[in-house]
Protein chains: 2
Amino acid sequence: MAAAAAAAEVSNRSVILKRHVTGFPTEDDMELVTATVRLAVPPGSAAVMVKNLYLSCDPYMRSRMTNHKEPSYVPDYVPGEIIPTFGVSKVVESGHPDYKAGDLVWGMTACEEYTLITTPESLFKINHPELPLSYYLGVLGMPGLTAYAGFFDVSKPKKGDYVFISAALGAVGQLVGQLAKITGCYVVGSAGSDEKVNLLKTKFGFDDAFNYKKEQDLNAALKRCFPEGIDIYFDNVGGQILDAALLNMRLHGRVAMCGLISQYNLELHEGVCNLACVVTKRVRIEGFIVTEYFGTYRKFEEEMVGHLKEENITYVEDVAEGIENMPAALVGLFYGRNIGKQLVAVARD
Amino acid sequence: MAAAAAAAEVSNRSVILKRHVTGFPTEDDMELVTATVRLAVPPGSAAVMVKNLYLSCDPYMRSRMTNHKEPSYVPDYVPGEIIPTFGVSKVVESGHPDYKAGDLVWGMTACEEYTLITTPESLFKINHPELPLSYYLGVLGMPGLTAYAGFFDVSKPKKGDYVFISAALGAVGQLVGQLAKITGCYVVGSAGSDEKVNLLKTKFGFDDAFNYKKEQDLNAALKRCFPEGIDIYFDNVGGQILDAALLNMRLHGRVAMCGLISQYNLELHEGVCNLACVVTKRVRIEGFIVTEYFGTYRKFEEEMVGHLKEENITYVEDVAEGIENMPAALVGLFYGRNIGKQLVAVARD
């Protein structure tokens with residue numbers, strides 16, 4: 001109580017959503033506001049006050065900007081309120097017995113400099129601060145676990161499988177590709193620029209990659225890259241690339257549906273016409289959400305830390321500096337402006 | 001050899017495909033021709049000569065009428081040749097040690113009165129001739145095994161699941177619905193006429209059913225029938241009903257894709273726009289083909305015979321009389337003219 005009473009009041013910049021979004025989001029849909037916050041938890045509360053070091057920009061956030069008529073799988077953001085997002089944070093003050101000032105954590109926080117987290121049970125402590133802390137927004141965080149669970153649990157890979165990954169340089173795609181190579185698969189990725197395609201082939205060890213924006217015929221591109229067909233399509237985009245992939249699936253192929261970034265900004269999603277292939281090729285299409293795998297996080301974390309320390313896995317992130325650049329960084333995701341995992345550095349410690 | 005030399009030569013009427021089909025098939029795409037056949041197997045051959053008693057009309061046959069640019073999952077029919085189909089047949093003469101004259105079999109034969117089957121290993125002997133023989137084209141044959149495997153193996157039902165079945169009075173649909181009721185599921189079917197809807201509710205024990213042709217909004221119809229959502233959608237039709245079903249799937253719902261009869265006659269298949277639900281509801285869509293389950297046939301046969309004898313399962317078939325009515329019966333499938341399993345009675349013994 002004494003500590004709370006003496007707590008400093010500091011400036012706290014945040015990003016709020018001004019309005020629900022239809023179509024592509026713009027920076028103007030968000031606003032940077034400045035308030036003050038007392039660096040304290042309410043007396044008797046089990047909340048923790050954290051300083052946000054890194055904040056995450058993830059494609060699923062677009063869905064939360066929409067005003068859904070029926071409840072979506074994650075709650076819609078509320079206009080006028082600060083945008084929630086995953087972050088890497090340092091505990092400033094704790095009312096919870098599991099946390100103390102100075103602890104490093106990652107989990108759901110919000111787009112601001114300081115956040116009072118009222119459900120600290122949802123946070124994960126950072127076990128490996130010797131690695132870059134920002135990794136806990138990507139390779140060691142939600143996207144990393146997404147890649148790991150979606151590839152191993154949903155896609156059920158075998159050595160020698162032909163694996164196709166869309167949005168392959170994204171936070172999830174780059175990791176799926178490398179996990180597939182470690183598993184002994186043949187791996188091809190699609191991305192939206194020649195620079196990204198080059199990185200996939202030179203830095204991430206993909207066997208092949210193509211720039212989907214330069215292909216006249218996605219079916220032909222996939223036939224060129226997979227003359228034997230595709231065993232696993234790890235789908236981050238949906239729409240036309242999914243439709244073309246279906247035409248190229250092998251018998252008993254698997255499509256792990258992770259996201260549909262090509263569709264999030266469309267009011268009506270594009271139709272997928274080649275579902276007959278699901279019957280004729282006996283394909284399994286399965287969606288998944290990483291939150292169902294959070295219980296397996298520690299096992300994943302230790303395995304991925306091992307891969308990073310042994311340099312089996314490379315990881316590229318795209319860091320915007322300063323919370324004031326959060327709106328531009330988030331919008332940029334939907335234009336493919338980021339090279340690798342997009343995040344915002346709010347404070348270094 | 002002596003028997004072969006003495007074999008009778010008899011008239012053999014058959015149905016040939018005149019041309020590959022685009023759009024809806026018509027009777028004029030087929031032709032009834034009359035030839036003669038000697039009721040004998042070639043000397044030294046392991047073939048069997050059969051008399052076809054019942055011939056099957058199945059939706060997948062439409063796909064074989066198309067001239068596919070790339071090989072399909074089943075070979076295209078060849079214009080000018082007799083149309084292959086499943087049949088119930090009696091062995092007239094056998095060159096194969098496993099068969100003798102008088103044996104009753106079911107399996108792949110052709111649209112004619114007598115057929116020389118050169119791969120008799122693919123035939124199944126009929127173990128229960130005390131039941132109507134035509135059942136071996138339906139409830140005890142390929143469609144029955146399709147329903148059984150697609151429901152139990154692909155859909156993974158649990159007691160209390162909400163189950164939706166399209167083309168619910170078809171050969172497969174009527175059985176899936178009854179297997180689901182036996183499993184303790186809540187079962188709703190769609191069909192294309194009020195008469196069929198009435199049969200589903202009164203004769204087959206469906207909890208509810210609707211006439212999709214009378215619904216302005218398929219999504220609303222499914223919401224009315226499934227206020228809690230759908231756990232299992234057994235999809236026989238694809239297209240718009242699949243799209244509406246996706247909107248109504250429950251968390252971890254399963255879509256067993258059995259066929260797409262709404263799409264077979266379209267040159268470009270309709271687009272399915274609601275695949276985002278696969279991610280948000282963590283849905284599994286899985287295609288299957290009954291031939292992969294033929295190894296489990298005997299187990300299925302005994303179980304289904306038990307259900308029939310105990311009158312747990314009702315079965316309705318639509319029998320056209322005479323091979324000359326095969327073209328009309330087959331075309332009728334695609335207009336939903338049949339009530340229950342469509343077949344043609346060629347001979348009674």
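# Close-up views of a predicted two-chain model

**View 1. Helix 7 of chain B is mostly covered.** Of the 9 residues in helix 7 of chain B, 7 are buried, where buried means under 20% relative accessible area, exposed means over 50% and partly exposed lies in between (1.4 Å probe, protein chains only). The buried residues are B:G239, B:I241, B:L242, B:D243, B:A244, B:A245 and B:L246. Helices (H or I, at least four residues) and strands (E, at least two) are DSSP runs, numbered from the N terminus. The structure is a predicted model, in which local features need pLDDT of at least 70 and side-chain atom pairs count only at pLDDT 80 or more, while totals for chains, interfaces and linings use all residues. Residues are numbered from 1 along each chain as its sequence is written, chains are lettered from A and ligands numbered from 1 in the order in which they are written, and side-chain values use heavy atoms, with hydrogens and water left out.

**View 2. Helix 6 of chain B and its cover.** In helix 6 of chain B, residues 218–225, the buried residues are B:L218, B:N219, B:A221, B:L222 and B:C225. Seen down the helix axis, the buried residues of helix 6 of chain B fall within an arc of 160°, so they line one face of the helix; the arc is that of the directions from the helix axis to the C-beta atoms. An α-helix has 3.6 residues a turn, so residues three or four places apart point the same way. The cover over the buried residues of helix 6 of chain B includes helix 7 (239–247), strand 8 (162–165), strand 9 (186–191), strand 10 (208–211) and strand 11 (230–235) of chain B. At the start of helix 6 of chain B, the backbone nitrogen of B:N219 has a side-chain oxygen of B:D217 within 3.0 Å.

**View 3. A:W106 in the largest nonpolar core.** A nonpolar core is a set of buried Ala, Val, Leu, Ile, Met, Phe, Trp, Tyr and Cys residues joined through side-chain atoms within 4.5 Å. The largest nonpolar core has 222 residues, and those that touch the most other members are A:W106, A:L140, A:Y233, A:I285, B:L140, B:Y233 and B:I285. Leaving aside neighbours within four places in sequence, A:W106 has contacts (heavy atoms within 4.5 Å) that include A:F86, A:L123, A:F124, A:Y136, A:L140, A:M142, A:F294 and A:Y297.

**View 4. Helix 3 and helix 9 of chain A cross.** The axes of helix 3 (residues 142–154) and helix 9 (residues 297–309) of chain A come within 10 Å and cross at roughly 95°. Axes are lines fitted to C-alpha atoms, for helices over the stretch in contact, and angles run from 0 to 180 degrees between N-to-C directions. Helix 3 and helix 9 of chain A are therefore roughly perpendicular to each other, a term for angles of 65 to 115 degrees; under 35 counts as roughly parallel, over 145 as roughly antiparallel and the rest as oblique. Where they meet, helix 3 of chain A brings A:G144, A:L145 and A:Y148, and helix 9 of chain A brings A:Y297, A:K299, A:F300 and A:E303.

**View 5. B:A149 in helix 3 of chain B.** B:A149 belongs to helix 3 (residues 142–154) of chain B and is buried, with a relative accessible area of 5%. Apart from neighbours within four places in sequence, B:A149 is in contact with B:V154 and B:Y293. B:I289 is 140 residues from B:A149 along the chain, and their C-alpha atoms are separated by 9.2 Å.

View 6. A:E113 sits in the loop between strand 5 (104–110) and strand 6 (114–117) of chain A and is buried at 17% relative accessible area. A polar atom of the A:E113 side chain lies 2.6 Å from the backbone nitrogen of A:R13. A:S89, in strand 4 (residues 84–94) of chain A, is buried with a relative accessible area of 2%. The side chains of A:S89 and A:N52 make a polar contact (2.8 Å). Not counting residues up to four places away in sequence, A:E113 touches A:N52 among others, and A:S89 also touches A:N52.

**View 7. Two residues with positive phi.** Most residues other than glycine have a negative phi, and most peptide bonds are trans. A:K156, not a glycine, has a positive phi of about 50°; A:K156 is in the loop between helix 3 and strand 8 (162–165) of chain A and is partly exposed at 45% relative accessible area. B:H252, also not a glycine, has a positive phi of about 60°. B:H252 is in strand 12 (residues 249–257) of chain B and counts as partly exposed, at 39% relative accessibility.

Notes:
A polar contact is a pair of N or O atoms within 3.5 Å; within protein, one must be able to donate a hydrogen and the other to accept it, and residues adjacent in sequence count only if both atoms are side-chain atoms.
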